[in-house]
Amino acid sequence: MVIVAVLGGIFFIALIMVVIVYTRQQNEKKKIEQQRRIRMLADRGRQVQLLLEEIPPHYISADFRVFITEQWLELLQEQEQLGCKEARIKTETEAAQNKLQEIRSSNQPKPEPITDLQTANGVRRNLKQLNKIIIGLYQERKIAHRIAQTYINEVKLGFTQTLVEVFRASARKAEAENNHRIAVVHYKRIMSELNRNNPNGIHNQTLLECREIIAKLEERIAVESEHNDNQLASSVDEMMEGEESWKKKQVYDD
């Protein structure tokens, strides 16, 4: 009986040790998983913050920007719920709340159109990242299909607008320099971009304005072409008269 009791005690102690080790391992795994989740959420939050700062406000609506900012706040709250005690949580939460207040206020910055292709490409890259975030939220069933589609359509319109602004700036520069043929090329590029994404005819008025401008420019080009042809004909006549005069002078000198 004593031996049985001793063996039973040893088995019980061993069992307790196994349970303790197993519990510690599970707690460690849980802690590691929490830390991994916190880092992932922090990365998402920084990405959202960057997009809010770098995408000019006029490319997406105020409602869309409010939604993005609220997603940023939710990411911070989830990190807190996972036990994150880092000081940055408070700082970033204040920044997100200030951004939300700024967007909801009427003091929105005046739109500044993009005039160079490099800047436009940077904005387009950010819009692509924003599109991925919206798709991810939809796949995670955090937003409804209708909302996701609305925001994706906004991203597409912003994507188009970046190039339209660059081409418009180039067209106006060409007009100012009297390079009317180059200006026509840029206006046709604007029309091409707008025709690619023109939901419910939202760009019809701009397309009409481009057609009218192109028509006027082509009239100028025709007048300039006729004027240049007349100048060329006049130059040829002067050259021929000069040659005839030279020939007469040669005969006289002989």
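Helices here are DSSP runs of H or I with at least four residues, numbered from the N terminus. The model is predicted.

## Two loop residues

Arg 141 sits in a loop. That loop runs between α4 (117-139) and α5 (145-176). The phi angle of Arg 141 is near 60°, a positive value in a residue that is not glycine. Is Arg 141 buried or exposed? Arg 141 counts as exposed because its relative accessibility is 78%, and the cut-off for exposed is over 50%.

Asn 178 is found in the loop between α5 and α6. Asn 178 is not a glycine either, yet it has a positive phi of about 60°. At 53% relative accessibility, Asn 178 counts as exposed.

## Salt bridges

Side chains of opposite charge can pair when their charged atoms come close. How many salt bridges does a search of the whole structure find? The search finds 11.

Start in helix α1 (residues 2-54), which holds both Asp 43 and Arg 46. These two form a salt bridge, with 2.5 Å between the closest N and O atoms. They are 3 residues apart, about one turn of the helix. An α-helix has 3.6 residues a turn, so residues three or four places apart point the same way. Asp 43 is partly exposed, with a relative accessible area of 45%. Arg 46 is partly exposed too, at 39%.

Next come Arg 88 and Glu 86, which also form a salt bridge. Their closest N and O atoms are 2.8 Å apart. Arg 88 is buried, because its relative accessible area is 19% and the cut-off for buried is under 20%. Glu 86 counts as partly exposed, at 41%.

## Helix α6

Arg 196 is exposed, with a relative accessible area of 65%. Glu 193 counts as buried, at 11%. Elsewhere, salt bridges that share partners join Arg 44, Glu 140 and Lys 142 into one network.

How many residues does α6 have? It has 17. From first C-alpha to last, α6 reaches 25 Å, close to the 24 Å expected at 1.5 Å a residue. The buried residues of α6 include His 180, Val 184, Tyr 187, Ile 190 and Leu 194.

## Aromatic contacts

The structure holds 2 aromatic pairs. In one, Phe 64 and Tyr 151 are stacked, 4.2 Å centre to centre with 10° between the planes. This pair links distant parts of the chain. Phe 64 is in helix α2 (residues 62-81), Tyr 151 is in helix α5, and 87 residues separate them. Phe 64 is buried, with a relative accessible area of 0%. Tyr 151 is buried as well, at 11%.

Phe 67 and Tyr 151 form a tilted pair, with 4.9 Å between centres and 35° between planes. Phe 67 lies in α2, 84 residues from Tyr 151 in α5. Both Phe 67 and Tyr 151 are buried. Which residues form one aromatic cluster? They are Phe 64, Phe 67 and Tyr 151.

A ring also meets a charged side chain. Arg 124 lies over the face of Phe 159, at 3.8 Å from the ring centre.

How values were computed. Residues numbered from 1 in each chain as written. Predicted model: local features only at pLDDT ≥ 70, side-chain atom pairs only at ≥ 80, totals over all residues. Heavy atoms only, no water. Salt bridge = Lys/Arg side-chain N within 4 Å of Asp/Glu carboxyl O. Buried < 20%, exposed > 50% of the residue type's maximum accessible area, 1.4 Å probe, protein only. Expected span 1.5 Å × (residues − 1). Phe/Tyr/Trp six-rings, centres within 6.5 Å; stacked < 30°, edge-to-face > 60°. Lys NZ or Arg CZ within 6 Å of the ring centre and 35° of its normal.
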